[in-house]
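Please consult the sequence and the model alongside the text.

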Amino acid sequence: MSAPAHVGPRLLCLGELLVDMVPSEPGASLTEARAYLWAAGGAPANVAVAAARLGTPSAVVAAVGDDPFGAALVAELERAGVVASDVVRLPRPTAVAFVALGAAGERDFLFYGHDPAHDHLDPERAVAAVRRLADAGEGARCLHFGSVCLARDPAREATAAAIAAARAGGWLVSCDVNVRTAFWADLDEARAVIGRFAAEADVVKLSAEEAAFLAGGSGDAAEAELTDALLKGRARVVVISRGADGATAYAWGYRVDAPAPRVPSVDTTGAGDALTGALLAATLTRPGTWDDAAGAQAALERACAFAALTTTRRGAIPAYPDAAALEAFLSG
């Protein structure tokens, strides 16, 4: 029997890799919490693990501190089956995010780590990671990035260089807008930079709140203007997540909406990243997913179910189920 055509990762996620500290008490605020669950986090790393759990081979290119947290994060990725050979250890702190949870699992973040390692991913390593994956096998590939590493150079330069290398290789490019205002000194700059990089992507995922941020206003008209602008550029699909209300996918010729299954949610940390990981897994494994409304509807409903299921456990990566668990959930 011949070997499969593709033997290497198909999804390369670039960006921050950090520690999430999640309160162990339900509904605890940061002023109230006294006990925390340590969990690997960082949106691009979350996406890589989510896709890997659904059967899409994934890798991460990132920078972490040369400290115990950095070592633990690399080990966590490797245990999850994600290729971490392009995660570099630097003599800077690994960022730590304390995550406050509301009664229904809503989140608030407080970040620690002055001049964190993830801001110092260099363009050479980012481009080398793209080229290594390009040599690893055949099949569609995707570079995925978020906005946290756009706040400062050299990570911003690294992201731009990786996008250019991916484009040169015929890859898809995916962007998670993922606005974290704590990392930006100037929100007008954040809006301009994130908007510019999002316009480079084939797949754009953002929350309803992030859509309002980029559009400079809320409401259906502002959302429609933003999605139209992205679709008139490179974007093939724009997905807007709406938390407990599900998600919407926009493409030329259709709009589809998918509900979020009702579950006993305890922690929404990483749910948006789970949605993105499931969307990218569908994009890479089922060509033509976004060509028509029927394919888009099926992919979006499955992604919403996967994201909902992750909220029934604490943390992001520790909560991500595998494909078998998702199928059991869908069939139950």
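At what angle do helix α8 and helix α9 pack, and how far apart are their axes?

## The helix pair α8 and α9

Helix α8 (residues 271-285) and helix α9 (residues 293-310) pack at about 145 degrees, their axes lying 8 Å apart. Axes are lines fitted to C-alpha atoms, for helices over the stretch in contact, and angles run from 0 to 180 degrees between N-to-C directions. Helices (H or I, at least four residues) and strands (E, at least two) are DSSP runs, numbered from the N terminus.

On the α8 side, the contact (heavy atoms within 4.5 Å) is made by A271, A274, L275, A278, L279 and A282. On the α9 side, A299, L300, A303, C304, F306, A307 and T310 take part. The residues of this contact comprise 12 nonpolar, one polar and no charged; Ala, Val, Leu, Ile, Met, Phe, Trp, Tyr, Cys and Pro count as nonpolar, Asp, Glu, Lys and Arg as charged, and the others, Gly among them, as polar.

## Basis of the model

The model is predicted: local features require pLDDT of at least 70, side-chain atom pairs count only at pLDDT 80 or more, and totals for chains, interfaces and linings use all residues. Residues are numbered from 1 along each chain as its sequence is written, and side-chain values use heavy atoms, with hydrogens and water left out.

## The sheet

Nine strands form an open sheet of mixed pairing, in the order β5-β4-β1-β8-β9-β10-β11-β12-β13; two strands pair if DSSP finds at least two bridges between them. The edge strands, β5 (83-90) and β13 (254-258), each pair on one side only. Neighbouring strands are turned by 15 degrees against each other on average, direction ignored.

Strands β11 (residues 237-241) and β12 (residues 247-251) run antiparallel and are joined by four bridges. Helix α7 (residues 220-231) packs on the sheet, where it touches β10 (203-207), β11 and β12.

## Residue R242

R242 lies in the loop between β11 and β12. With 24% relative accessibility, R242 counts as partly exposed, that is, between buried (under 20% relative accessible area) and exposed (over 50%), using a 1.4 Å probe and protein chains only. Beyond neighbours within four places in sequence, R242 contacts A208, E223, A247, T248, Y250 and R255.

## Nonpolar cores

A nonpolar core is a set of buried Ala, Val, Leu, Ile, Met, Phe, Trp, Tyr and Cys residues joined through side-chain atoms within 4.5 Å. The largest has 57 residues, and those with the most contacts inside it are L77, V87 and L300. Another core, of 48 residues, lies apart from it and includes L150, I163, V173 and L214.
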